[in-house]
Every structure is written in C-alpha cells, then in structure tokens.
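This report describes the model shown below.

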Amino acid sequence: MSKIIIKDAVKKYGNLTIIDKLSLDIPEGSLFTLLGPSGCGKTTLLRMIAGFNSIEGGDFYFDDVRINDLDPSKRDIGMVFQNYAIFPHLSVEENVKFGLRQRKVSEAEMQERTNRFLALMQIDQYRSRMPDKLSGGQQQRVALARALVIEPKVLLMDEPLSNLDAKLRVDMRSAIRDIQKNVGITTVYVTHDQEEAMAISDFIAVMKEGVIQHLGTPKEIYQRPANVFVATFIGRTNIIDAKVVDGNVQIGNYQFAINAVTDSQKVKLSIRPEEFLINDKTGIKAKVVDSVFLGLNTHYYLEIETGEKVEVIEESSITQLLENGKEVYLDIKKDKINVFDEAGLVNLVAQYEKKAS
Ligand SMILES: Nc1ncnc2c1ncn2[C@@H]1O[C@H](COP(=O)(O)OP(=O)(O)OP(=O)(O)O)[C@@H](O)[C@H]1O
Ligand SMILES: [Mg+2]
C-alpha cells in the first residue's frame, strides 16, 4: 500500500500535448477513479503511473519514492487491462501463480496464496482449465486474481469490466470493491461509466481533455458538481438558462430565492429529474409531452412555459400516469439544485456554501 502523488504531469504525443500539468494526490488504501469521456486521457495517465508511457514533465511518487525513472517491473504494481491479457497457454492456476514464480516465492507460500485468491474470486473449481474454456467473467476474475495475488503496492485497472454483460458487471464491481477493501490496496480505476464509478469509488476525478474538472467523493460530485460539464456527465440533469432579478431566480413567470445568488445576473441552473415535483399549483408552468413507465419510476418529458424541454422522474403511483398534453406545475427542491454562472464554469451554490461554512 502506498499513496500516489502526481505533480504537474505532462504527456505529449509528438507535438500534441494530451495532459498539461496535471496534479493529483491519491490517498493510501483508497479506490480512486479516473472518469471521463473517450479520448480524455484516462488510459494515458494510468500508463504513465504504470511506467508504460514516457513522461514529458512533472513528478510521480509512490509515497516519497520518485518513480519517473523506475522500470515498470520494479514499481510493485498489479495491472488489469480491458482485454484481461491472461496467458492462453497457461491453466487458471498457473496464470495466478505467474507473478509469484517471477518473484521467486517459495512453493508452499505460492500454493497458499494462489489457493486464497482462487477461492476469493470463486474460480477454484476452474483451476485446471485453460482460459479458452472460460466465460468472459471467469477470465476477468483470473486476471484480477493474478493481479492481486502478488499483493502489489498499487493496483491499476483500465476498464476491467467493459467486456462483461450488465448483470455480471454489477456483480463484479461489488466483488472488486470488497476485495479492494479487504486487501486495502491503493487502486486507480479507469472507467467511462459514471454509474460504475459512483458505485465503487472513494474518490472520483472527472476529466475532460486532459484536465481534471472535479475531484471529490461520489456524493460531492453528484450533489455539488464543479461546473456544467460535470453536472451533465455525472447522472442526468436539466440545464436551464435563467435570470436573477433582485435576488430571485426567474424562469418564465416563476420566481424563487436562492441564497447563493443576489446580484442581477444570468445563470445556468442544473435541476436533476428527481429535483422537480409535479403538482397542480406551484412552480413553473409545464405541459406533459411524453412519459415512460419503468416500474419503480416514471420518466416524464415536459415542455415548460419558456419552451425548454425537461425530464422529470417520479416514483410511479398506482393510479393513472399523467396523460400527454396535461398542464401541470413543476416545483423545485431548492436545496438540491445547482446554480452556475452564465458560462457554466463556476458553481455559485458550492461557492456560497464554502464561504458560509
Ligand atoms: N500512442 C499514441 N500516439 C498518439 N496519440 C495518442 C496515443 N495514445 C493515445 N493518444 C491520444 O491521446 C488522447 C487520450 O487517449 P487515451 O487513450 O488516454 O483516452 P481515454 O480517456 O483512455 O479514452 P477511452 O475511454 O476511449 O479509452 C486521445 O486523443 C488519443 O487519440
Ligand atoms: Mg482508455
């Protein structure tokens, strides 16, 4: 276990700068996720930590050891790649033993540790099988066991669940979470699936074009996103342009006060689908355009009086769905919504709460 510190990392491919002065502290024993759209630089950064990419600037540390020039084999890392990369010519058991053999662990200890991780990953019954006789999920677990059995200081995982079906992804992500906690290993996890990131992470760094937009706990990032990009990337939300007049936010004919805004200014509101309350008296006037019943919840699509379209999610009731064309009002859970400056770059609510505390 060690903490990872990255200071002013720079990555260039040719004269294209992919990452420019990125800094990060990854606490010891935490599961830290790099999350962002395709091409934002997640794999690039992970490979720099692993030592598989050149580093064009900055410093990388495991605890107080600078690792920039340390050979990948000496960094004491376990890696799980998107495509598993388990050895096709070795049985499950031999795949798991591979790293231990390289490290010249005694035969007895090797067997004991291998058995432990085969059991932990629930693949002990396949120990003699060859990889091509395993399902994707089983291969995935072999890859995980092989990475964990060497008890590395740092575990690096790049979209390890991307080839699995939805049900197995959910099962495996809790398995990864449990093992990571049990073993207590500092883990950097890459995904572009925001739900997966929320489910397993202690901390998430949301990246865009090589720049960290927001670093925080899943709760912080969901509830007080740093900017409009983060608000829309994590979960679903409605972004609505609004004006502040005499300290009141105004949408159409509806006005309400929010502590965070006082000056007259243009703002962008982020109101998540569950932060609206459909009712017949208070709020923004709106008309139901469509609805989708999904069992537990119903998603409503409405046009508000300014002409903008919004999505609202409500717990399904046993009575009728609201029919299309019905006129309703949308009240707002004002303590939950977020207000950004007109450019969508500063969260005024987060700023206000920080000052107030
Ligand atoms: N070897 C390379 N040479 C040149 N450009 C590269 C190389 N590898 C990656 N890139 C570029 O660097 C940027 C970041 O790529 P990276 O693979 O880190 O993205 P990512 O966030 O992992 O995306 P994904 O979610 O699709 O895996 C992309 O624009 C990509 O085209
Ligand atoms: Mg990638």
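Ligand 1 is surrounded by Tyr-13, Ile-18, Gly-36, Ser-38, Gly-39, Cys-40, Gly-41, Lys-42, Thr-43, Thr-44 and His-192, where a residue counts as near a molecule if its C-beta atom, placed from the backbone, lies within 6 Å of it. Helix α1 (residues 42-50) supplies the largest share of this shell, three residues. By class, the shell around ligand 1 holds three nonpolar, seven polar and one charged residue. In this scheme Ala, Val, Leu, Ile, Met, Phe, Trp, Tyr, Cys and Pro count as nonpolar, Asp, Glu, Lys and Arg as charged, and the others, Gly among them, as polar.

The model is predicted: local features need pLDDT of at least 70, side-chain atom pairs count only at pLDDT 80 or more, and totals for chains, interfaces and linings use all residues. Residues are numbered from 1 along each chain as its sequence is written, while chains are lettered from A and ligands numbered from 1 in the order in which they are written.

**Overall fold**

The protein chain contains nine helices and 20 strands. Helices (H or I, at least four residues) and strands (E, at least two) are DSSP runs, numbered from the N terminus. Taken along the principal axes, the C-alpha atoms of the protein chain fill a box of roughly 75 × 50 × 40 Å. Of its 357 residues, 36% count as buried. A residue is buried if 20 or more other C-beta atoms lie within 10 Å of its own, exposed if 12 or fewer, and partly exposed in between, with C-beta atoms placed from the backbone. Among contacts between residues at least 6 apart in sequence, 64% join residues at least 24 apart; two residues are in contact if their C-beta atoms, placed from the backbone, lie within 7 Å.

**Helix packing**

Two packed helices are described by the angle between their axes and the distance between the axes. Axes are lines fitted to C-alpha atoms, for helices over the stretch in contact, and angles run from 0 to 180 degrees between N-to-C directions.

| Helix pair | Angle | Axis distance |
|---|---|---|
| α2 (residues 92-102) and α3 (residues 107-120) | about 130° | 10 Å |
| α3 and α4 (residues 136-149) | about 140° | 9 Å |

The angle between α2 and α3 makes α2 oblique to α3, and that between α3 and α4 makes α3 oblique to α4. Angles under 35 degrees count as roughly parallel, over 145 as roughly antiparallel, 65 to 115 as roughly perpendicular and the rest as oblique.

The crossing of α2 and α3 is right-handed, and α3 passes α4 in a right-handed crossing. A crossing is right-handed if the near helix is turned clockwise from the far one by less than a right angle, and left-handed if anticlockwise.

On the α4 side, Arg-113, Thr-114, Phe-117 and Leu-118 of α3 meet Ala-145, Leu-148 and Val-149 of α4. Here the residues divide into five nonpolar, one polar and one charged.

**Selected residues**

Leu-35 lies in strand β3 and is buried, because 27 other C-beta atoms lie within 10 Å. Leaving aside neighbours within four places in sequence, Leu-35 is in contact with Thr-191, His-192, Gln-194, Ala-197, Ile-204, Ala-205, Val-206 and Met-207.

Phe-60, in strand β4 (residues 57-62), is also buried, with 21 other C-beta atoms within 10 Å. Beyond four places in sequence, its contacts include Ile-6, Ala-9, Met-48 and Ile-49.

Glu-28 belongs to the loop between β2 (16-26) and β3 (31-35). With 15 other C-beta atoms within 10 Å, Glu-28 is partly exposed. Setting aside neighbours within four places, Glu-28 is in contact with Met-1, Ser-2, Lys-3 and Thr-186.

Most residues other than glycine have a negative phi. Asp-76, although not a glycine, has a positive phi of about 60°. This residue is found in the loop between β5 (65-66) and β6 (77-80) and counts as partly exposed, with 15 C-beta neighbours inside 10 Å. Glu-159 also has a positive phi, near 45°. The loop between β7 (154-158) and α5 (166-183) holds Glu-159, which counts as partly exposed with 19 C-beta neighbours inside 10 Å.
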